[in-house]
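Thank you for making the time this morning. I would like to walk through a few places in one structure, so please have the sequence and the model open while I speak.

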Amino acid sequence: MNRSILIVICDFLLVSLLAFSTVDINKVSDQTVSRSVKVDIATNQVDSGRDLAAVMRLALNEERRSRELLLSELTKTREEVGQRQKQVQTVQQALQAKEQETARLQQQQTSLQEQFAAAQTNIQALGQQLQSTSTEAVMSKEKLAALEAERKKQAEQAAALQQQLAQLSKSNAVAIAERQRLAGQLQVAETEKRYASEQAARMQEEVKVERAEKAKLAEGVKALASKSGELAQEVRVSRPLAPNTIFNEFVTNRVSARFNAARSGLFGIGSNKSTDTETVLVTDGTNYFALCHVQDTPLTLWDPGTEWETLGGTLTRNTTQLPIGAISFSLQDPRLILIPLTQAEARQLGCKIYRFSSDPFKFQDAVLVGAREGYYGECKFEIDLTTPEYVKLDNSFIKGLFGKFNPSRGDLVFSKTGELLGIMANSTYCLMIQNFHAAASFQFGQNLRPQHTGATLSMLYTRVMGLPYKVQ
């Protein structure tokens, strides 16, 4: 647009020059005519020059502004060109990086193509394996279905057997109760028979003695002399001992028993238990045992029973100590613990070995000794026909006490002749020990799991619960 304004200004100047010019062209062209210069100045010549100058100044200012504008645009254009050059360099660098990246990607593509070819080969191999595996899976499903059917069949059989077992348990409980009732009746009958037999024997003996005395009156003095020793022994045996004597004999010949038991608890925390008690040795002439109540041991008769992993113990008297190799639960009453010993071990302890009372009903009174707490006293025991293997403590007749007398389980009962009568099954009834028959046994050692102590203790608990309630 600046160029157009400049052209217009130039045209205007040329037209102005032509308008103010008065030259005669014909005269100028005729060389014969003398030339005279005549200058006619128009009246508006001054104003035209001013206008022209104004126009020129305007054009000059406009041109200056155009030039400045062009310079500023040139500067901007140069800056843009510099930025474009920088962008071009950046793009070239990026292009080079892209070319390098393209080369790397081409290498990766080649590697991936190789991997793809290998994967295709593996896919074919896996397809073959899948086909064979599918065939095996079909066969496995058939086997699984057969096994599931067999499992259901076994479960049904197990349920049926469980029902049969429950019925048998009920029948067994009824049979045990009936057997115990019959055993009680049989014991009563045997006791009565024994009384009658003893009375008949005494009467026959008296008849024989009287006949012998009448028939051999002359030999009476000689017979009496020969029997004087036996009569003296019988008198000594039949003579009741004082409670102090019996207790002193117990203190002199008692044996200390210590028991240890261990098992694993929850979260791997072990459980250990130890107990101590005092007892005596007893024999039937062949077997030797130490006796105690089950509550004097770490064992508990309960359902479910405890699975002990380790059992151990010792018998100690003075400086002699013997390890306990096993214990047995009495068949008469599982609460009675029998600790077996050999004859040599019994002699090694060097204490008196008691015998069962040959006639537990010879004296109505007996001496009760608290093995753990050291009390003793003379008590009266009564016969309870409903519990023939037990005698009942008459709490209304207790005399000659020493210490805090409180009859409890595990206390020993001696006859007035110093023989062992039995052991207290509870605070009221005393079990008369008649034999050493065992209902179950535990071998002491470090690994008792194969012996299944829990199941055995549960079974023994069931036997105790089958006893009459008043002796439990």
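Helices and strands here are DSSP runs, helices being H or I with at least four residues and strands E with at least two, and they are numbered from the N terminus. What you see is a predicted model, in which local features need pLDDT of at least 70 and side-chain atom pairs count only at pLDDT 80 or more, while totals for chains, interfaces and linings use all residues. Residues are numbered from 1 along each chain as its sequence is written, and side-chain values use heavy atoms, with hydrogens and water left out.

Let me begin with D333, which sits in the loop between β7 (326-330) and β8 (336-341). Is D333 buried or exposed? Its relative accessibility is 1%, so D333 counts as buried, where buried means under 20% relative accessible area, exposed means over 50%, and partly exposed lies in between, with a 1.4 Å probe and protein chains only. The side chain of D333 makes a polar contact with the side chain of R335 at 2.7 Å, and another with the side chain of Y390 at 2.8 Å. By polar contact I mean a pair of N or O atoms within 3.5 Å, where within protein one must be able to donate a hydrogen and the other to accept it, and residues adjacent in sequence count only if both atoms are side-chain atoms. Not counting residues up to four places away in sequence, D333 touches Y390, A425, L431, V464 and L467, contact meaning heavy atoms within 4.5 Å.

Q332 also lies in the loop between β7 and β8, and at 10% relative accessibility Q332 counts as buried. The side chain of Q332 reaches the backbone oxygen of M432 at 3.2 Å, and, leaving aside neighbours within four places in sequence, Q332 is in contact with several residues, including E389, Y390 and L431.

Q332 also leads us to a pocket. On a 1 Å grid over the protein atoms alone, a pocket is an open set of points with protein on both sides within 12 Å along at least five of seven lines, a cavity is a set where a 1.4 Å probe fits but cannot get out, and lining residues have an atom within 4 Å of a point. The second largest pocket holds about 570 Å³ of space, and of the 23 residues that line this pocket, the closest to its centre are Q180, A183, Q332, E389 and L467. Volumes are the space filled by probe spheres set on grid points, which are joined across faces, edges and corners. Helix α3 (residues 45-215) gives the most to the lining of the second largest pocket, with nine residues.

Turning to cavities, a search of the whole structure finds two of 30 Å³ or more. The largest cavity has a volume of about 50 Å³, and its lining consists of V188, T191, F361, I383, D384, L385 and P388.

I will finish with strand β10 (residues 365-369), which is largely enclosed by the rest of the structure because five of its five residues are buried. D365, V367 and V369 point one way from β10, while A366 and L368 point the other way. β10 pairs in the antiparallel sense with strand β11 (residues 376-383) over five bridges, pairing here requiring that DSSP finds at least two bridges between the strands. Four bridges join β10 to strand β13 (residues 412-415), again antiparallel. V369 stands opposite Y376 in β11 and opposite L412 in β13.
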